[in-house]
Amino acid sequence: MTHLQIDLREIFFSLRSFLKHPVQEIRKIPHWEWRRLILAQLLVTMISGFLAGLIHHSVYAIFLNMLLMPILTLITAFISSLFFFYTFQIVSEKIIEFRLIFTAVFFANVPFFIFQIIMGYFPPILLVGLAFTGLLLIVAFVDNFLLPRKFVTRLIAGIYVIFVMTYLVAWFSTNHSTDNWHESSTSAPAVQLGKDPSAH
């Protein structure tokens with residue numbers, strides 16, 4: 001059995017167990033090597049991107065999601081893991097292996113990737129997915145890294161509030177600009193050929 005086959009088998013069984021009992025399984029994150037971690041991240045995001053595009057019945061969306069989503073989520077996972085790595089080091093004065101933090105971030109984000117599939121039908125479901133991810137991160141950081149629960153809860157809650165505020169501002173701005181566009185288009189004077197619209 002090749003390394004790839006072993007990795008795929010381990011990823012499949014680990015994710016199956018995690019989806020059955022996410023809170024229980026994230027209390028004991030696996031010690032995967034970077035090869036398996038990156039492969040798992042790419043596979044999960046590619047599949048969720050494919051399913052999201054399939055729901056929209058768009059070949060273009062399928063291709064775009066399968067190409068962009070894995071890259072963007074991988075970059076986001078690295079940045080967020082770095083944030084937690086240095087935050088724990090500065091605030092809690094505890095050095096935790098970066099690879100283990102990345103592993104916790106990956107598994108905690110699996111429900112978020114699943115909710116992203118149906119986001120096209122109901123965009124606010126994204127906030128529900130983020131809430132699940134936040135709760136799993138709290139359990140993962142407290143149980144795996146023995147960090148203070150109060151500190152971790154406040155940290156994750158603060159990040160979640162920032163995400164919610166950002167989402168609401170973006171939603172309001174988008175809807176407000178759309179309403180203004182509709183108003184300007186409906187209130188525009190009718191133009192008739194051969195006539196000056198400003199003439200009375």
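Helices here are DSSP runs of H or I with at least four residues, strands are runs of E with at least two, and both are numbered from the N terminus. This is a predicted model, where local features need pLDDT of at least 70 and side-chain atom pairs count only at pLDDT 80 or more, while totals for chains, interfaces and linings use all residues. Residues are numbered from 1 along each chain as its sequence is written, and side-chain values use heavy atoms, with hydrogens and water left out.

Is Leu67 buried, exposed or partly exposed? Leu67 counts as partly exposed because its relative accessibility is 43%; buried means under 20% relative accessible area, exposed means over 50%, and partly exposed lies in between (1.4 Å probe, protein chains only). Leu67 belongs to a nonpolar surface patch with Phe63, Leu68, Ile71, Leu72, Ile75 and Ile79, and together they have about 680 Å² of accessible area.

## The whole chain

Of its 200 residues, 36% are buried.

Among contacts with a separation of 6 or more, 70% are between residues 24 or more positions apart.

Ala52 has its place in helix α3, residues 34-55. In contrast to the partly exposed Leu67, Ala52 is buried, because its relative accessible area is 5%.

Which residues does Ala52 touch, leaving out those up to four places away in sequence? They are Asn65, Gln116 and Ile117. Gln116 is 64 residues from Ala52 along the chain, yet their C-alpha atoms are separated by 7.2 Å.

## The largest pocket

Rolling a probe the size of a water molecule over the atoms shows where empty space is left. On a 1 Å grid over the protein atoms alone, a pocket is an open set of points with protein on both sides within 12 Å along at least five of seven lines, and lining residues have an atom within 4 Å of a point.

The largest pocket is lined by 30 residues, and Thr76, Asn109, Phe112, Leu130 and Phe163 lie nearest its centre. Which helix gives the most to this lining? That is α4, with 12 residues. At least two lining residues come from each of α4, α5 (98-117), α6 (125-145) and α7 (149-187).

Technical notes. Contact means heavy atoms within 4.5 Å. Patches are made of residues with over 30% relative accessible area and no salt bridge: like charges are joined within 9 Å, nonpolar side chains (Val, Leu, Ile, Met, Phe, Trp, Tyr) within 5 Å. Accessible areas come from the Shrake-Rupley method with a 1.4 Å probe; for residues, only the protein chains shown count as cover. A salt bridge is a side-chain nitrogen of Lys or Arg within 4 Å of a carboxyl oxygen of Asp or Glu. On a 1 Å grid over the protein atoms alone, a cavity is a set of points where a 1.4 Å probe fits but cannot get out, and a pocket is an open set with protein on both sides within 12 Å along at least five of seven lines; lining residues have an atom within 4 Å of a point.
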